[in-house]
Amino acid sequence: MLSVSPYLSFNGNCEVAFNFYKSVFGGDFSYVGRYKEMPSEQPLPDSEKEKILHISLPLTKTVSLMGADSSELFGQKTVFGDNNAITLSTENEEETRRIFNALSDGGKTSMPLDKTFFAKLYGMFTDKFGVAWMIVLEDEQQGD
């Protein structure tokens, strides 16, 4: 089953924001990852290490509120008003590739669909209508 979740970007206060959302919605984070946990060949400045790379707060069985801190080291800068995306979690590789290719046609790909350290397949793009998307096929052993 496909699932769709909002993805929010922050400029260093993602953890504070998500602790607030947790106080409103309840529940527990299903995942909290920090930039220091990301595999990298280059050293990460101390100012970036504790920032949130990815966080997920389940709201229902199929919907999670997800987010991250932007990092200018990776060419990201949060512009409020443009700090959200739709995350689409898929079930298999064929579906993932079909949806990614169809939705990104005529748009601008910022991260081609490929294997990552956190997913079987993951890609990001802005479609031809200006909507930001993240498409993910998760590894079986990982959650959000």
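The following legends describe close-up views of a predicted model.

Residues are numbered from 1 along each chain as its sequence is written, and side-chain values use heavy atoms, without hydrogens or water. Because the model is predicted, local features need pLDDT of at least 70 and side-chain atom pairs count only at pLDDT 80 or more, whereas totals for chains, interfaces and linings use all residues.

**View 1. Overall arrangement of the chain.** Three helices and eight strands make up the secondary structure of the chain (DSSP runs numbered from the N terminus: helices are H or I with at least four residues, strands are E with at least two). Read from the N terminus, the order of elements is β-α-β-α-β-β-β-α-β-β-β. The chain has 144 residues, of which 38% count as buried (under 20% relative accessible area; exposed is over 50% and partly exposed lies in between, with a 1.4 Å probe and protein chains only). Its accessible surface is about 8700 Å², with 53% belonging to carbon and sulfur atoms (Shrake-Rupley method, 1.4 Å probe; for residues, only the protein chains shown count as cover). Among the contacts with a separation of 6 or more, 53% are between residues 24 or more positions apart (contact means heavy atoms within 4.5 Å).

View 2. Helix 1 comprises residues 14-25. Its twelve residues reach 16 Å from the first C-alpha to the last, close to the 16 Å expected at 1.5 Å a residue (the expected span is 1.5 Å times one less than the number of residues). Cys14, Ala17 and Phe18 are buried in this helix. These residues cover an arc of only 95° around the axis and therefore lie on the same side of helix 1 (the arc is that of the directions from the helix axis to the C-beta atoms). Val16, Phe20 and Ser23, on the other side, are exposed. The cover over the buried residues includes strand 1 (3-10), strand 3 (52-58) and strand 4 (64-69). Just after the helix, Gly26 adopts a positive phi of about 80°.

View 3. Six aromatic pairs are found in a search of the whole structure (rings of Phe, Tyr and Trp, the last by its six-membered ring, pair if their centres lie within 6.5 Å; planes under 30 degrees apart are stacked, over 60 edge-to-face and the rest tilted). One of these pairs, Phe10 with Phe18, is edge-to-face, at 6.2 Å centre to centre and 80° between the planes. Phe10 is buried at a relative accessible area of 7%, and Phe18 is buried at 0%. Phe10, Phe18, Phe20 and Tyr21 form one aromatic cluster.

**View 4. The Phe100–Phe125 pair.** The ring centres of Phe100 and Phe125 are 5.0 Å apart and their planes stand at 85°, so this pair is edge-to-face. The pair links distant parts of the chain, with Phe100 in helix 3 (residues 93-104) and Phe125 in strand 7 (residues 119-126), 25 residues apart. Phe100 and Phe125 are both buried.

**View 5. Helix 3 and its surroundings.** The end C-alpha atoms of helix 3 are 16 Å apart, in agreement with the 16 Å that its twelve residues should span at 1.5 Å a residue. Glu95, Thr96, Ile99, Phe100 and Ser104 are the buried residues of this helix. Seen down the axis, they fall within an arc of 130° and so line one face of helix 3. Glu94, Arg98 and Ala102 are exposed on the other side. Strand 5 (84-89), strand 6 (108-114), strand 7 and strand 8 (132-138) are among the elements covering the buried residues. At the start of the helix, a side-chain oxygen of Asn92 comes to within 3.2 Å of the backbone nitrogen of Glu94. Gly106, which follows helix 3, has a positive phi near 85°.

**View 6. Leu113 in strand 6.** Leu113 belongs to strand 6 and counts as buried at 15% relative accessibility. Not counting residues up to four places away in sequence, Leu113 touches Thr96, Arg97, Phe100, Leu121, Tyr122, Gly123 and Ile135. The C-alpha atoms of Leu113 and Arg97 are 7.7 Å apart, while the two residues are 16 residues apart in sequence.

**View 7. Glu48 in helix 2.** Glu48 is located in helix 2 (residues 46-49). Glu48 is buried, with a relative accessible area of 9%. Its contacts, not counting residues up to four places away in sequence, are Tyr35, Ser71 and Leu73.

Notes:
Polar contact = N/O pair within 3.5 Å; in protein donor to acceptor, adjacent residues only side chain to side chain.
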